[in-house]
Amino acid sequence: MSLTRQNSPKKLPPHFAQIRSVDVVVVGGGIAGKACALGLAQLGLQTIQIAPDLDELMPAPHGDQWGQRIYAFSPGTQQLLSHLQIWDALDHSRMQAVRDMRIFGDRYEQTDQLHLSAFEAGTPQLAWIGESNVIEHTLDQASRFQNKLDRLTDVVEKLAVDADGTTLHLKSGGSIRALLVVAADGANSPLRSELGISTSQESYSQSAVVANWLCTNVHLETAYQWFLPGGDIVAMLPLPHKQVSMVWSTSPEKATDLLKLDQSGWAQQFFSIANGQIAKQFGSLTINSLPAAFPLRKIRASRFIGPEDNPKVVLIGDAAHVMHPLAGQGLNLGLRDVACLLNILGKRESFRLPNDKVLLRRYERQRQGDTSALLWVTDKLKKLFSASSGAERQLRNWGLGLVNRNHFIKQRLIERALGEVDFE
Ligand SMILES: Cc1cc2nc3c(=O)[nH]c(=O)nc-3n(C[C@H](O)[C@H](O)[C@H](O)COP(=O)(O)OP(=O)(O)OC[C@H]3O[C@@H](n4cnc5c(N)ncnc54)[C@H](O)[C@@H]3O)c2cc1C
């Protein structure tokens, strides 16, 4: 008996799952897992994606209320999604191109700001802002029609790695055999723990409060970020139809207070913070989503492949790294993991299986540099702007102005933010 190609996720009966053996299992149903599973199947690898939340296909977002999870997508992400033939199918009416970024220091002097411009950098846009659901919906649609990909609604409880591959034991009672396992199971990655891969973790003692706003002034296709005295960071990201998406990083206590505010309470906040610049920039702001808060932390896995002596599992996305959202790069970095893995497996020598140690080591080597650099910069920026001494305050504000005047550094910063990937 063979597994019927499924157009909607289902649970395998235990006796059925026990006999299934495939090239790759992707564990996790976030964007990184979905994109990776689709890309691997497109390479011709028989792939199963497993997650507890694959039951429902993500509905297409519609209407005037926008989703809570809004992301900045980099041009590198666009390249990956184009490669997966997803980009053109997205609902572009729900995505906003970002042509400029303006970052303000906490002294509110004219010179304490950094302006990054797509025009100056010779690129059509610096990023897009859109709902997570727009991408997930289109990935779900494409996955339904990919005949090398099956999706299972289940939870991986245990892994047993041997010389040839991995057996995954599922909560439903079944087992699946795979040459390669991709762990895309998020920041708390049970697979990472199961493999004994250690992590360095740090809580930022901050939460990010997110909400969408309708504004009376135009946002000029610009993403704004204000560093506030005391370490809060407020980002206002442009959305279509005179809307902006806010990410306000603050202490957990203040986040709790912000979530309780009514419309007039919010208006007062916008008038009082950042020297009134937010209210001046956007005019009057009307809330257009349920606000939510997410705790912020930094995580870096010590290895991106495992187990140490006989690697058969690769970590991607938040399972490998989690960062502060101030640069809006967490998912983009995870999708660069996906692009890298697809490149390596797509170009592998004909005699190598997808779980060949040489390929997995190549993946780890290539991803470590990019990850370390981005985690380091994001972490240092966060800490520099939280520091309260006069000297550090002087330094950070002066630094913004200095970078702003240096075309070479600005160009390098933009290159990092674009995060371009090569598909050969
Ligand atoms: C406030 C905020 C704003 C952000 N803004 C941006 C932004 O603008 N741009 C950007 O690039 N990034 C941003 N990020 C980061 C981004 O949200 C994450 O990097 C991204 O969502 C991680 O995706 P993922 O697929 O790796 O993991 P997740 O989305 O966490 O998915 C993990 C999946 O694994 C499944 N799973 C877990 N355990 C098991 C198991 N045992 N068996 C099977 N399945 C399992 C889960 O059910 C889930 O489906 C932001 C983050 C925050 C908090």
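Two strands pair if DSSP finds at least two bridges between them. Helices (H or I, at least four residues) and strands (E, at least two) are DSSP runs, numbered from the N terminus. The model shown is predicted: local features need pLDDT of at least 70, side-chain atom pairs count only at pLDDT 80 or more, and totals for chains, interfaces and linings use all residues. Residues are numbered from 1 along each chain as its sequence is written.

**View 1. Strands E5 and E6 run antiparallel.**
Strand E5 (residues 100-104) is joined to E6 by five bridges. Opposite Ile103 stands Leu114 in E6. Strand E6 (residues 113-117) has Leu114 and Leu116 on a covered face, while Gln113, His115 and Ser117 make up an uncovered one.

**View 2. An open sheet has three strands in the order E3-E7-E4.**
The pairing in this sheet is antiparallel. Strand E3 (70-73) and strand E4 (95-98) stand at the edges with a single partner strand each, so one side of each has no neighbour in the sheet. On average, neighbouring strands are turned by 20 degrees against each other, direction ignored (axes are lines fitted to C-alpha atoms, for helices over the stretch in contact, and angles run from 0 to 180 degrees between N-to-C directions). Four bridges link E3 and strand E7 (residues 127-131), and Ile70 has Glu131 in E7 as its bridge partner. Helix H5 (residues 132-144) packs on the sheet and touches E3, E4 and E7. The direction of H5 makes about 80 degrees with that of E7.

**View 3. Ala35 lies in helix H2.**
Ala35 is buried, with 32 other C-beta atoms within 10 Å. A residue is buried if 20 or more other C-beta atoms lie within 10 Å of its own, exposed if 12 or fewer, and partly exposed in between, with C-beta atoms placed from the backbone. Leaving aside neighbours within four places in sequence, Ala35 is in contact with Leu80, Leu84, Leu139, Leu335 and Val338 (contact: C-beta atoms, placed from the backbone, lie within 7 Å). Ala35 and Asp140 are 105 residues apart in sequence, but 9.3 Å apart in space, C-alpha to C-alpha.

**View 4. Helix H11 bends by about 25 degrees at Gln368.**
The bend is the angle between axes fitted to the seven residues ending at a residue and the seven starting there. Helix H11 (residues 357-386) has 30 residues. Among the buried residues of H11 are Leu359, Tyr363, Arg367 and Phe385.

Methods: Expected span 1.5 Å × (residues − 1). Contact = placed C-beta atoms within 7 Å.
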